[in-house]
Amino acid sequence: MSDLNETEIKVFIDAVTNYFNQLTQEPANVRGAFLDDNGGTAPVFDYSGQIAVSGQFRGTITVSAPRAMIRHLLLALNESDQSDANLRDTIGELANTLAGNARKHFGGEMEISVPRTAAGAIGGSGSRKRPYVIMVSWKTYSASLVVDIERLE
């Protein structure tokens with residue numbers, strides 16, 4: 001098994017900044033990226049969406065964001081439904097879009113699942129001892145993207 005390299009991690013950074021820019025014409029900013037020590041240093045917000053990765057890769061891609069950020073995103077998209085179900089659908093769609101963009105880069109050797117969502121933290125079967133955490137800000141909000149995947153040899 002091997003870790004992703006810096007160029008491959010940048011695929012996820014570009015995906016999250018482009019997501020917000022394409023939908024709202026205001027890109028997200030990366031505030032920092034670090035390796036989690038699996039001691040819970042990756043922030044968890046009100047809603048989380050997760051995609052399981054398989055094929056020549058193993059692990060999960062998880063995004064977590066506060067309720068207010070998702071509501072603001074829905075308003076920017078002219079969506080008036082602010083229900084819990086729609087907030088969960090939106091965080092799941094965000095996770096799915098980010099994983100889908102990564103799949104375009106890595107090709108058919110990366111398979112992605114349908115999104116799982118949760119209020120708060122979402123359990124998962126990550127594969128790395130120290131997953132990559134990318135902290136993102138959009139407008140006045142913060143969110144986290146945890147890339148916990150590795151390539152199978």
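1. Helix 2 meets helix 3 through Arg 67, Ile 70, Arg 71, Leu 73 and Leu 74 on its own side and Asn 86, Leu 87, Thr 90 and Ile 91 on the other. Contact here means heavy atoms within 4.5 Å. By class, this contact has five nonpolar, two polar and two charged residues. Ala, Val, Leu, Ile, Met, Phe, Trp, Tyr, Cys and Pro count as nonpolar, Asp, Glu, Lys and Arg as charged, and the others, Gly among them, as polar.

2. The model is predicted: local features need pLDDT of at least 70 and side-chain atom pairs count only at pLDDT 80 or more, while totals for chains, interfaces and linings use all residues. Residues are numbered from 1 along each chain as its sequence is written, and side-chain values use heavy atoms, with hydrogens and water left out.

3. Helix 2 (residues 67-76) and helix 3 (residues 84-106) pack at about 85°, with axes 10 Å apart. That makes helix 2 roughly perpendicular to helix 3, a term for angles of 65 to 115 degrees. Axes are lines fitted to C-alpha atoms, for helices over the stretch in contact, and angles run from 0 to 180 degrees between N-to-C directions. Helices (H or I, at least four residues) and strands (E, at least two) are DSSP runs, numbered from the N terminus.

4. The count comes to two cavities of 30 Å³ or more. A cavity is a set of points on a 1 Å grid, over the protein atoms alone, where a 1.4 Å probe fits but cannot get out; lining residues have an atom within 4 Å of a point. The volume is the space filled by probe spheres set on the points.

5. The largest cavity holds about 50 Å³ of space. Its lining consists of Phe 20, Ala 65, Met 69, Ile 70, Leu 73, Thr 90, Ile 91 and Leu 94. Helix 2 and helix 3 are the elements that give two or more residues to this lining.

6. The second largest cavity holds about 30 Å³. Val 16, Phe 20, Val 63, Leu 94, Val 136, Ala 143, Ser 144 and Leu 145 line it. Strand 7 gives the most to this lining, with three residues. By class, the lining has seven nonpolar, one polar and no charged residues.

7. The structure holds five aromatic pairs, that is, rings of Phe, Tyr and Trp (its six-membered ring) with centres within 6.5 Å. In one of them, Phe 12 and Phe 106 have ring centres 6.5 Å apart and planes at 35°, so the pair is tilted; planes under 30 degrees apart count as stacked, over 60 as edge-to-face and the rest as tilted. Phe 12 lies in helix 1 and Phe 106 in helix 3, 94 residues apart.

Methods
Angles under 35 degrees count as roughly parallel, over 145 as roughly antiparallel, 65 to 115 as roughly perpendicular and the rest as oblique. On a 1 Å grid over the protein atoms alone, a cavity is a set of points where a 1.4 Å probe fits but cannot get out, and a pocket is an open set with protein on both sides within 12 Å along at least five of seven lines; lining residues have an atom within 4 Å of a point.
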